[in-house]
Amino acid sequence: MTGNPFVWFWVAMIAGSIAWYSYLLFHVGVKGGFDILRMTRAISRPPRSEPAQDESP
Amino acid sequence: MTLTPIDWAIIAVYLVGCTVAGIWMRRYVRNVDDFAIAAREMDVSLGVASLAATEVGIVTVMYTAEMGFTNGLAGATTGVLTAAAMLIVGLTGFVIVPMRNAGVMTIPELFEKRFGKHVRWLAGLVVILGGVLNMGVFLRAGGDFLMNVTGMDSTKSFTLDILGQQIQLGYLELIMTGLLGIVLIYTVLGGMLSVLITDYLQFLVMGLGIVITSVLVLRAVNGFEMVSELQEAHRVGVPIQEALEKQTKAQATRDAAEAQRIRQTEGPEAAKRFAEARAREQTDSLLARAPELAKHKVLVGTSPKKPNADPEPPKILAMAEPFNPTRSKGMGWAWVIWQAIMAFAVVTTWQTTIARVLAARDSQTAKRVYCRTWFYFVGRWCLPGLWGAAAFVYFANHGGLPEGLGSQTAMPRFLGIVLSSSVTGFLGLMIAAMLAAEMSTDSGYLLTWATVIYNDLISPCLRRPLSERAKLFTVRAVVLAIGLFLVFWGLWYKPPGSIWEYLSVTGNIYLASLFALLVGALYWPKANSRGAVAAIVLGAAGPITFLIVNFIVGPDSKYRIPGEWSGLAAFGLAFAGMFFGSLLGGKPSKSQQSQLAPERHTP
C-alpha cells in the first residue's frame with residue numbers, strides 16, 4: 001500500500017480505536033451497571049457524613 | 001435524507017429514557033456533596049463511562065472532523081498526544097493523586113490551602129471565564145451538526161406574532177434550546193448523581209453510534225483506498241489551490257487600485273458599487289468552476305445564505321499533508337510541542353475532567369479511571385477525523401461541495417448521505433448518539449462550572465456558612481443561570497472565527513495559568529501567593545494580548561502571530577510568573593507549606 005510509516009501509524013490508530021470502543025462498550029456497559037447499583041445502595045444508607053442539624057435552614 | 005419512523009422512534013426512546021433516569025436520581029440528593037461530587041461514591045467503570053461521555057460532545061466531533069477535512073489524519077495528532085498524557089498521568093498519579101488526597105471539591109479550593117483565599121477567588125474567576133466562554137460554542141456547533149446531518153436548512157426560521165410583536169425564531173435555535181432544557185431539568189434536580197447515570201446511558205448509545213458510523217464510513221470510501229485518495233488529493237490539489245489563491249490575491253490588488261481610481265473620479269458610492277460587483281463576479285466565476293476543480297481535488301466551500309446579510313466569499317479548500325503532522329499546513333514541530341504541553345495541562349487541570357478525579361472513591365480509583373480511559377482519547381480524535389477526511393474524499397469524487405457547505409459542515413452532510421442509504425434506523429441511532437454526546441457534555445460542564453461558581457466565588461464571600469438546603473438551592477440556581485447564559489451567548493449570538501480558534505483561545509486563558517499554579521502548589525515548596533497571582537495574570541494576559549494583536553494586524557498580515565507561538569508563550573509566561581513572582585515574594589509560611597506536604601511526596 002505505502003512505505004510511509006505515518007500511514008501505518010494512523011491505520012493502526014483507527015483500527016485500534018474501533019476495536020477499543022467496541023470492547024469498552026461491552027466491558028463498561030456491564031461493569032458500569034454494577035457500579036450504579038453499588039453507588040445507589042451506598043448513598044441510600046441513613047448515617048451520612050453531614051450532621052443532621054445541617055438539614056434545617 | 002428524511003428520517004423514517006424507526007429513526008424517530010430510536011431518538012424518542014433515547015430522549016425519554018435519559019430524562020426519566022436523570023430525574024429518578026433526584027431522590028438520592030440530600031446535600032451539596034451528593035449534588036456536586038456524588039458523595040465521592042463513583043467507581044472505576046462508571047467513572048470511565050462518565051469521563052468518556054463528557055469529553056465527547058458534538059462540538060468535539062465537529063472540530064476534530066474539521067481538522068480531518070483540512071489536514072487528513074494528521075489532524076488527529078492532538079488526540080494521540082492527549083491519550084499519551086492521560087496514560088502518563090494515570091500511571092504516575094502526577095497532580096491527580098495529591099489533588100484527590102487533598103479532599104477538595106474544585107481546583108481553586110486547593111489553592112486556598114497553599115496560597116490563601118484571594119488566590120482561590122482569582123483562580124475561580126479565571127476558571128469560570130475560560131470555562132463558560134469555552135462552552136459558548138457548544139450549542140451552535142451541535143445545532144449545525146443536527147441540521148446538516150438531516151439535510152435541514154440551518155438558516156430556516158418562522159415568524160411568531162406575540163402581542164403585536166413579530167418575533168423571528170430559527171429551527172436550529174429552538175431545537176437546541178429544547179435540548180438544553182431537558183439537560184437543565186435533570187442536572188438541576190439530580191446534580192452529579194443524575195449526570196453519572198445519564199452519562200452511563202449516553203456512553204452506551206454514543207459508543208454504539210460511533211462504532212457503527214465509523215465502519216459504514218470506511219465502507220463508503222473503500223477502506224484502504226482512502227489512503228491513496230488522500231495522498232493524491234494532497235499532491236494534486238495543493239499546487240492548484242496555491243495558484244488560485246495567488247491569482248485571487250493579484251486580482252484583488254488590481255480591483256483595489258481600480259476602486260481607488262473610481263473613488264477619486266466618481267465618488268465613494270461608485271467605488272463601493274464597483275467593489276461589490278467585482279466580488280460577486282469573482283464568487284460566481286469560482287462557483288462555476290467548482291465541479292471542474294473537484295476533479296483536481298480542490299473544493300470550493302461556501303456559507304449558507306442568510307437573509308439581510310452579505311454572502312461570505314467562498315473558500316478554496318485543498319487537502320494538506322494528510323499523515324505527517326510536522327509537515328502539514330498550519331502544524332509543524334512548534335505546533336506539536338504546544339499541543340503536547342496543552343495535553344498535559346488539559347488532563348491535569350480541565351475542571352470537567354478533574355471533577356471525575358474528585359468524585360472518585362480514592363486516588364487509586366482516580367488513577368485507574370485515567371489508565372482505562374487513555375486510549376479513548378485517540379478514538380475521540382481519530383474517528384471523527386476519519387469522518388472528516390472521508391467527507392473530503394467523497395465530495396472530491398462527487399462533483400464538489402453542495403452550496404452552503406464548508407469545512408465545518410461537510411462531515412455531517414456526508415454522514416447523512418452515507419447513513420440514510422444504509423440500514424433503516426442507523427441514521428436515527430447516529431442522531432441519538434450525537435444527542436447523547438451533546439447532552440452528556442452539556443450536563444457535565446453545567447454542573448462543573450456551577451460548582452466552581454458556588455464553591456470558589458460565592459462561598460468565600462459569605463460571612464456565615466449556608467444551610468445544606470440553601471447551599472443546594474444556590475448551586476441549582478447557578479446551574480440554571482449558566483444554562484440561560486448559554487442560550488443567549490452560544491445560540492442567539494454567533495462569535496466570529498472558527499470553532500477551534502475560539503476554543504483554543506478561551507481554553508488557553510485557563511489552561512496556562514492553572515497548570516503553572518497546580519504544578520507550583522503541589523511540587524514546589526517555594527511557591528507562594530505572589531507567584532500564584534503573577535502566574536494567573538500573565539497566563540491569562542498572554543493569549544488575550546495575542547488575540548488583540550492578531551485582530552489589529554488582520555488575517556493575512558505577515559505580522560500575525562501563529563497560534564502555536566501564542567500558546568507556547570502563554571505557558572512560558574505563566575511558569576515565569578510563578579517562578580519569578582515566588583522568588584520575589586519571600587518564603588511561604590510553614591503552615592501553608594504543610595497543607596499539601598504529604599501529597600508532595602506522592603508523585
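**The core and its place**

A: In this predicted model, the largest nonpolar core has 211 residues, and those with the most contacts inside it are Ala390(B) and Leu517(B). Helix α10(B) gives the most to this core, with 23 residues.

Q: Why is this core said to lie between domain 1 and domain 2 of chain B?
A: The domain assignment of chain B gives domain 1 as 5-228 + 317-600 and domain 2 as 230-316. Since both of these domains give residues to the core, it lies between them.

Q: Which residues does Ala390(B) touch, leaving aside residues up to four places away in sequence?
A: With contact taken as C-beta atoms within 7 Å, Ala390(B) touches Val217(B), Ala220(B), Val221(B), Met226(B) and Phe414(B).

**Between the domains**

Q: What makes domain 1 and domain 2 of chain B count as being in contact, and which elements take part on the side of domain 1?
A: The centres of the two domains, taken over C-alpha atoms, are 35 Å apart, but contact is judged residue by residue, with C-beta atoms within 7 Å as the criterion. On that basis 25 residues of domain 1 of chain B are in contact with 25 residues of domain 2 of chain B. On the side of domain 1, the elements that give two or more residues are α11 (225-266), β4 (315-318) and α16 (376-397) of chain B, and α16(B) provides the largest share, five residues. By class, this side of domain 1 divides into 14 nonpolar, nine polar and two charged residues.

**Covered helices and a covered strand**

Q: Why is helix α7 of chain B called largely enclosed?
A: A residue is buried if 20 or more other C-beta atoms lie within 10 Å of its own. Seven of the nine residues of α7 (residues 107-115) of chain B are buried, so this helix is largely enclosed by the rest of the structure. The buried residues are Ile107(B), Pro108(B), Glu109(B), Leu110(B), Phe111(B), Arg114(B) and Phe115(B). Just after α7(B), Gly116(B) takes a positive phi of about 105 degrees.

Q: What makes helix α17 of chain B mostly covered, and which elements do its buried residues pack against?
A: Nine of the eleven residues of α17(B), which spans residues 410-420, are buried, including Arg413(B) and Phe414(B). The buried residues of α17(B) pack against α4 (58-71), α9 (138-149), α10, α16 and α18 (426-458) of chain B.

Q: How do you know that both faces of strand β3 of chain B are covered?
A: On one side Val298(B) and Val300(B) are buried, and on the other Leu299(B) and Gly301(B) are buried, which accounts for both faces of β3(B).

Q: What makes β3(B) and β4(B) a pair?
A: Pairing requires at least two bridges between the strands, and β3(B) and β4(B) have four, in the antiparallel sense. In β4(B), Ala318(B) is the bridge partner of Val298(B).

**The two chains**

Q: How many residues does each chain give to the contact between chain A and chain B, and which element of chain B gives the most?
A: The contact takes 41 residues from chain B and 35 residues from chain A. On the side of chain B, α10(B) gives the most, with ten residues, and the classes come to 27 nonpolar, seven polar and seven charged residues. As for chain A, its secondary structure comes to one helix and zero strands, and buried residues make up 21% of its 57 residues.

Definitions and conventions
Residues numbered from 1 in each chain as written. Chains lettered and ligands numbered in written order. Predicted model: local features only at pLDDT ≥ 70, side-chain atom pairs only at ≥ 80, totals over all residues. Domains from an automatic or database assignment. Contact = placed C-beta atoms within 7 Å. Nonpolar A, V, L, I, M, F, W, Y, C, P; charged D, E, K, R; others polar. Core = buried A, V, L, I, M, F, W, Y, C linked by C-beta atoms within 7 Å. Buried ≥ 20, exposed ≤ 12 C-beta atoms within 10 Å, placed from the backbone.
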